[in-house]
Amino acid sequence: MHLGRTTLSKFLIQQLDGIEGARELGALLVDVAAAVKAISAMTAKGALAGLLGKVDSQNVHGEVQAKLDVIANDVLIRSNEWGGLVAGMASEELDDPYPVPPEYPRGRFLLIFDPLDGSSNADVNVSVGTIFSVLRHDRTDAPATADFLQPGSAQVAAGYAIYGPSTMLVLTIGKGTHGFTLDHEIGNFILTHPAMTIPADTSEFAINTSNARFWEAPVHRYVTECQAGRTGERGRDFNMRWIASMVAEVHRILIRGGVFMYPKDTKDPSKPGRLRLMYEASPISFLIEQAGGRSTTGRERLLAVTPTSLHQRVPVILGSANEVARIERYHAEHAAGHDAEFVSPLFNERSLFRPEARS
Ligand code: AHG
Ligand code: MN
Ligand code: MN
């Protein structure tokens, strides 16, 4: 019954053929998949294993860590530190890069991850995920922080796991975006969603509308037009979703199209966005582009953004290509002063000076 199914290992051997360091990269992705299986088992046990709730510590972003944030981070570190495949790792949950311990050989790749994305959803039993990015480190010495600061376009592989009703691994090595479903009985990831493709058009958008008063004019214009539905500028009704787990939003978009936005806003002028460039926005943008979608900050292609620090934030607008291109056009028109009739008096740059801090 299982003969002929494509396992992750078989897929990687076929797809990586001809890529520099193919064997090592394949082995690294298999190690990441092993960590994902362990995290999947833990998220599934939840309260039965006492794994829900918070721990008494904060990460570099000042966010209180969930137990599962800390455990998922440890699982990824332990799975990948010993095999001689990575030169170093970086994580949302670690202030600084994690060097490979001296007792283990160093490899030629850097692995960066958000161990548990959407961890505020864990306690309420809504889908969470893991996001990862792989970069090259073409030297034999230990990497410094600066070695990690490569633009998203330099990634050699990226992916996410989603821990939902089924556990899936979705990845790209720059040859399309492909989805695998974990067969728990066999313990293998099986290729179930080859060459995922995002429809260019959509009538579904995702944004946290509680931030509406902080949005910039182009985002406000776009959302207002969607909400106006068939009687407005767009001439059709739109649907809205917000799961508060980027992985889950992106998975929906890869399956049936849509737009996801966590745009630049004025909530806290010191933060140019909510999401983190290196372990959220860049890997997800690689997957989105490889599936035929678009990803932008509103002002430039997201994969072109060169990081200046490990944990920097970035505005994110991604999904169905025609809709994202429209939102980019709205930003360009606003910058050129060509959208005066769309700028609501409720909504302007005065809020730049509001003192509220982002939670
Ligand atoms: P994380 O749990 O890794 O900190 O990431 C949460 C992110 C992202 O997954 C989601 O889209 C967003 O934060 C949710 O933001 P809101 O709290 O504004 O809904
Ligand atoms: Mn996250
Ligand atoms: Mn996280």
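Predicted model: local features only at pLDDT ≥ 70, side-chain atom pairs only at ≥ 80, totals over all residues.

I looked up the largest pocket, and its space is the one taken by ligand 1.

Next I asked myself: how many residues surround ligand 1? I got 18, and the closest of them are D117, G118, N208, M246 and Y262.

Then I sorted that shell by class. Seven of the residues are nonpolar, seven are charged and four are polar.

On to polar contacts from side chains, taking N or O pairs within 3.5 Å. The side chain of Y262 has an N or O atom 2.4 Å from an oxygen atom of ligand 1. For the N208 side chain I noted 2.9 Å, again from an N or O atom to a ligand 1 oxygen. The E92 side chain also has an N or O atom facing an oxygen of ligand 1 in my list, at 3.0 Å.

Which strands each supply at least two residues of the shell? I wrote down β5 (109-117), β13 (259-262) and β14 (275-276). The largest share comes from β5, with three residues.

Last entry, domains. Domain 1 (8-193) and domain 2 (204-348) each give at least three residues to the shell around ligand 1, so I am filing this ligand under both domains.

Conventions. Residues numbered from 1 in each chain as written. Chains lettered and ligands numbered in written order. Heavy atoms only, no water. Near = heavy atom within 4 Å. Polar contact = N/O pair within 3.5 Å; in protein donor to acceptor, adjacent residues only side chain to side chain. 1 Å grid on protein atoms, 1.4 Å probe; cavity = no way out; pocket = protein on both sides within 12 Å on 5 of 7 lines; lining within 4 Å. Sits in = over half its atoms within 2 Å of the grid points. Helix = DSSP H or I, 4+ residues; strand = E, 2+ residues; numbered from the N terminus. Nonpolar A, V, L, I, M, F, W, Y, C, P; charged D, E, K, R; others polar.
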